[in-house]
Amino acid sequence: MVLKERKLIDRIRRLAGTATTTSGATTNGPVVRGIGDDCAILRVRAGFELLVTTDLCVEGVHFSREWHPAKSVGHRCLTRGLSDIASMGGEPLACFLSLGLPSSLSQSWVDGFLQGLRNLAKHFKVQLAGGDISSAKQVTADIVVVGEVPAGKGLLRSGARPGDRIYVTGDLGGSAAVLKRLYKGDKIQPAKSSRHFYPSPRIEAGLWLRQKRKANSMIDLSDGLSVDLAHICEESRVSAILYADRMPVAEGADLALALHGGEEYELLFTAPASVKLPHRVAGIKVTEIGLINGRSNYSSAIQILGENGTVRSLAPLGWEHFRKQG
């Protein structure tokens with residue numbers, strides 16, 4: 001059984017490692033005051049803007065307790081928010097967690113969830129600075145991550161221009177390939193190296209691309225390449241063509257999964273043709289996969305050049321809530 005609310009909050013506070021001075025202030029960088037008051041107090045540096053993102057994780061939609069260990073669920077929950085900060089070229093400062101928990105849930109599961117989240121937070125020096133707890137019919141976790149970026153320097157979806165090259169970090173389709181096997185009933189060991197069970201947000205790569213002024217638009221791949229590239233096309237009012245033979249397909253995946261599979265948390269970005277990019281950024285492989293064109297060039301936002309030389313429209317078939325998934 002889950003601990004009563006006050007005892008659980010005390011447990012979370014200890015796990016969060018919130019240290020305080022005699023004056024009541026925390027000693028953890030940008031977090032002036034964390035868990036213990038009605039609001040957290042954050043310190044924002046002069047000349048910087050605040051980044052705020054929120055992501056909801058719902059049992060049966062974003063994870064299954066049958067497939068995903070508690071540590072993996074906590075890790076994946078925080079990854080979603082950190083990846084959004086990475087896609088803006090920002091640095092994370094603090095996170096906030098609101099949890100809805102069934103009363104029948106074991107406390108060991110809750111501890112595992114918190115440990116998975118805390119381990120990733122510790123890696124990126126992000127403090128858990130607050131949140132909320134409620135009873136619920138199924139596990140529900142809402143993560144809020146706050147970050148910072150120099151004023152006016154955040155990488156937006158609206159910066160792509162005709163003639164830009166399209167790039168992606170890492171390999172694509174691996175997470176979706178694992179999920180496909182889980183749905184088939186395969187038993188899969190949740191290895192720490194798995195991009196599905198323990199994805200790694202590309203904070204360092206996003207920072208490098210922003211600091212070196214290499215990218216002019218960026219988004220993280222959470223819903224699938226076809227969906228997320230469509231967001232860039234919509235916000236930038238451009239179209240795109242992808243090259244099938246350049247797609248970095250992950251081991252165990254195929255082209256369809258690379259194009260439409262979600263939960264990659266890689267970075268998709270555009271850069272002017274004059275920009276020279278290394279093959280690796282912050283230790284992560286970078287691949288050129290397409291070209292941005294004017295929106296009037298095509299009837300559809302995205303097209304793909306196949307290995308046989310034919311061009312076809314590419315519908316955004318990645319994840320979308322409330323749409324029947326094929």
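The legends below describe close-up views of a predicted model. Residues are numbered from 1 along each chain as its sequence is written, and side-chain values use heavy atoms, with hydrogens and water left out. Because the model is predicted, local features need pLDDT of at least 70 and side-chain atom pairs count only at pLDDT 80 or more, while totals for chains, interfaces and linings use all residues.

**View 1. Edge-to-face pair of Trp-67 and Tyr-183.** Rings of Phe, Tyr and Trp (its six-membered ring) pair if their centres lie within 6.5 Å; planes under 30 degrees apart count as stacked, over 60 as edge-to-face and the rest as tilted. By this rule the count comes to four aromatic pairs. The ring centres of Trp-67 and Tyr-183 are 5.0 Å apart and the planes stand at 80°, so this pair is edge-to-face. Trp-67 lies in the loop between strand S3 (48-58) and helix H2 (70-87), and Tyr-183 in helix H4 (residues 174-184), so the pair ties together parts 116 residues apart in sequence. Helices (H or I, at least four residues) and strands (E, at least two) are DSSP runs, numbered from the N terminus. Trp-67 is partly exposed at 22% relative accessibility, and Tyr-183 is exposed at 62%. Buried means under 20% relative accessible area, exposed over 50%, and partly exposed in between (1.4 Å probe, protein chains only).

**View 2. Stacked pair of Trp-109 and Phe-113.** The two rings are 5.9 Å apart centre to centre, with 20° between the planes. Trp-109 and Phe-113 are four residues apart in helix H3 (residues 107-123), about one helical turn. Trp-109 is buried at 12% relative accessibility, as is Phe-113 at 2%. Phe-63, Trp-109 and Phe-113 form one aromatic cluster.

**View 3. Surroundings of Arg-45.** A salt bridge is a side-chain nitrogen of Lys or Arg within 4 Å of a carboxyl oxygen of Asp or Glu, and the count by this rule comes to 12. Glu-148 and Arg-45 meet in one with an N to O distance of 2.5 Å. This pair links distant parts of the chain, with Glu-148 in strand S6 (residues 140-150) and Arg-45 in the loop between strand S2 (41-42) and S3, 103 residues apart. Glu-148 is buried at 4% relative accessibility, whereas Arg-45 is partly exposed at 42%. Salt bridges link Arg-45, Glu-91 and Glu-148 in a network. The charged end of Arg-45 also sits over the ring of Phe-48, 4.0 Å from its centre. For this, NZ of Lys or CZ of Arg must be within 6 Å of the ring centre and within 35 degrees of the ring normal.

View 4. Residues touched by His-196 (heavy atoms within 4.5 Å) include Arg-76 and Glu-263.

Conventions: Lists of a residue's contacts leave out its neighbours within four places in sequence.
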